[in-house]
Amino acid sequence: MNSGQAMVLQVDRLRKSFGSVVAVDGISFDVAQGEVFTIIGPNGAGKTTTLEMIEGMQKPDDGTITILGDSWSSRARSIKMRIGVQPQSSALFDLLTVEENLDVFASFYERQRPVEEIMRLINLTDHRDKRVKTLSGGQKQRLAIGLAMVNDPEIIFLDEPTTGLDPQARRNIWDIVLKLKELGKTTILTTHYMEEAEKLSDRVCIVDQGKIIAIDTPKALIGRLTKEREIHLTFTGGAAQAAEAEGIARTTEAVTSVSRDGEHLIVCSTRPEQTLYRLFGYTTEQEVQVEQVSIREMSLEDVFIAFTGKEWRD
Ligand SMILES: Nc1ncnc2c1ncn2[C@@H]1O[C@H](COP(=O)(O)OP(=O)(O)OP(=O)(O)O)[C@@H](O)[C@H]1O
């Protein structure tokens with residue numbers, strides 16, 4: 001986060017329980033103007049409850065929310081005019097067209113962004129006269145994001161905008177989020193897709209069981225992991241060659257573990273470049289052919305596993 005940027009949202013020690021279930025257990029973070037800020041976590045982690053408290057739809061048991069300098073208790077109307085919340089698909093008017101839905105939602109606000117511009121932004125201009133009930137799941141989600149834009153808000157909240165969509169439809173939503181960023185908007189979204197968080201976000205807040213387990217840029221989070229990398233090699237000459245290379249790998253500095261499955265060799269190293277250099281020195285000298293070589297990239301999924309000790313499940 002750039003310290004020169006204005007904070008548009010400050011969340012401090014938020015708590016919310018439902019009976020004996022602690023849904024949100026002391027969550028604090030700040031969001032700067034223009035950021036794409038993603039709250040990610042497994043099912044039931046407390047993402048929606050956190051978002052709904054910030055959106056003013058649920059009252060926290062404890063903690064404070066300052067949004068665009070205001071609080072819900074003193075300036076609710078002003079906040080509502082300046083934020084945009086993606087409605088549930090079920091809130092769309094099924095029998096009205098895309099354009100009519102946007103017009104109806106826009107009529108609730110004094111400040112408006114031209115509907116024409118929103119339809120371009122959500123790539124639905126060609127479908128403007130289609131009734132909502134005839135739209136695909138992805139198109140409905142895009143319209144829902146458009147409805148969050150009608151008052152030209154400064155902050156836009158998207159709760160799992162891509163859940164249940166196919167990969168192409170998800171990418172179409174990602175394009176919209178990136179366009180919102182170009183427009184200088186702040187976007188706060190939730191997801192349980194790690195890949196999505198990694199691609200879209202300036203910063204990611206990983207939550208589990210109502211608590212933040214890590215918060216930073218995707219790059220910094222991944223950088224915090226061990227420097228160990230997995231090198232995968234496949235030998236054209238088969239298992240015998242792989243076994244010989246396995247012997248070399250085992251005596252190579254910085255290698256922490258080696259395993260072999262037939263002609264495939266997996267070498268874990270804290271200095272992968274040097275390890276590869278040594279292995280290629282051997283293969284060149286012995287004229288051994290390597291069919292395939294790769295170094296596995298670390299992802300946010302690895303961050304989750306490292307921080308919680310649990311497997312990530314979408
Ligand atoms: N209205 C409610 N009444 C009772 N329990 C609730 C209510 N809303 C949420 N919870 C519980 O609070 C916890 C957090 O739920 P929340 O919906 O915030 O999680 P989430 O991270 O958004 O999950 P998902 O990805 O499944 O939407 C869960 O255990 C959930 O069952």
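Let me start at the ligand: β2 (21-32) and α1 (47-54) each give at least two residues to the shell around it. Helices here are DSSP runs of H or I with at least four residues, strands are runs of E with at least two, and both are numbered from the N terminus.

Before going on, two points about the model. It is a predicted model, where local features need pLDDT of at least 70, side-chain atom pairs count only at pLDDT 80 or more, and totals for chains, interfaces and linings use all residues. Residue numbers start from 1 along each chain as its sequence is written.

Back to the ligand. Around it are F18, V21, A23, G41, N43, G44, A45, G46, K47, T48, T49 and H192; a residue counts as near if its C-beta atom, placed from the backbone, lies within 6 Å of the molecule. Helix α1 contributes the largest share of that shell, three residues. By class, the shell has four nonpolar residues, seven polar and one charged. In that scheme Ala, Val, Leu, Ile, Met, Phe, Trp, Tyr, Cys and Pro are nonpolar, Asp, Glu, Lys and Arg are charged, and the others, Gly among them, are polar.

Next, the whole chain. The protein has eleven helices and 13 strands, and its C-alpha trace spans about 75 × 45 × 40 Å along the principal axes. Of its 314 residues, 33% count as buried. Buried means 20 or more other C-beta atoms within 10 Å of the residue's own, exposed means 12 or fewer, and partly exposed is in between, with C-beta atoms placed from the backbone. Among contacts between residues at least 6 apart in sequence, 67% join residues at least 24 apart; a contact requires C-beta atoms, placed from the backbone, within 7 Å.

UniProt, in an unreviewed entry, lists residues 9-234 as "domain: ABC transporter". Such annotations may be inferred rather than shown by experiment; feature names are shortened, and positions follow the numbering used here. Over residues 9-234 the chain is 33% helix and 29% strand, with end C-alpha atoms 50 Å apart.

Now helix α6, residues 167-182. At 1.5 Å a residue, its 16 residues should span 22 Å, and the end C-alpha atoms are 23 Å apart, which agrees. The expected span is 1.5 Å times one less than the number of residues. Which residues of α6 are buried? They are R170, I173, I176, V177 and L180. Seen down the axis, the buried residues of α6 fall within an arc of 110°, so they line one face of the helix. The arc is taken over the directions from the helix axis to the C-beta atoms. They pack against β3 (36-40), α4 (115-121), α5 (137-147), β6 (155-159), β7 (186-191) and α7 (194-200). On the other side of α6, P167, Q168 and E182 are exposed. Just after the helix, G184 has a positive phi of about 85°.

Helix α9, residues 239-250, can be read in the same order. Its twelve residues should span 16 Å at 1.5 Å a residue, and its end C-alpha atoms are 16 Å apart, which agrees. A242, A245 and A249 are the buried residues of α9. Down the axis of α9 they fall within an arc of 65°, so they line one face of the helix. Their packing partners are β10 (229-235), β11 (255-261), β12 (264-269) and α10 (272-286). A240, G247 and R250, on the other side of α9, are exposed.

Last, E285, which is found in helix α10. E285 is exposed, with 8 other C-beta atoms within 10 Å. Its C-alpha atom is 68 Å from that of G56, 229 residues away along the chain.

Conventions
Two residues are in contact if their C-beta atoms, placed from the backbone, lie within 7 Å.
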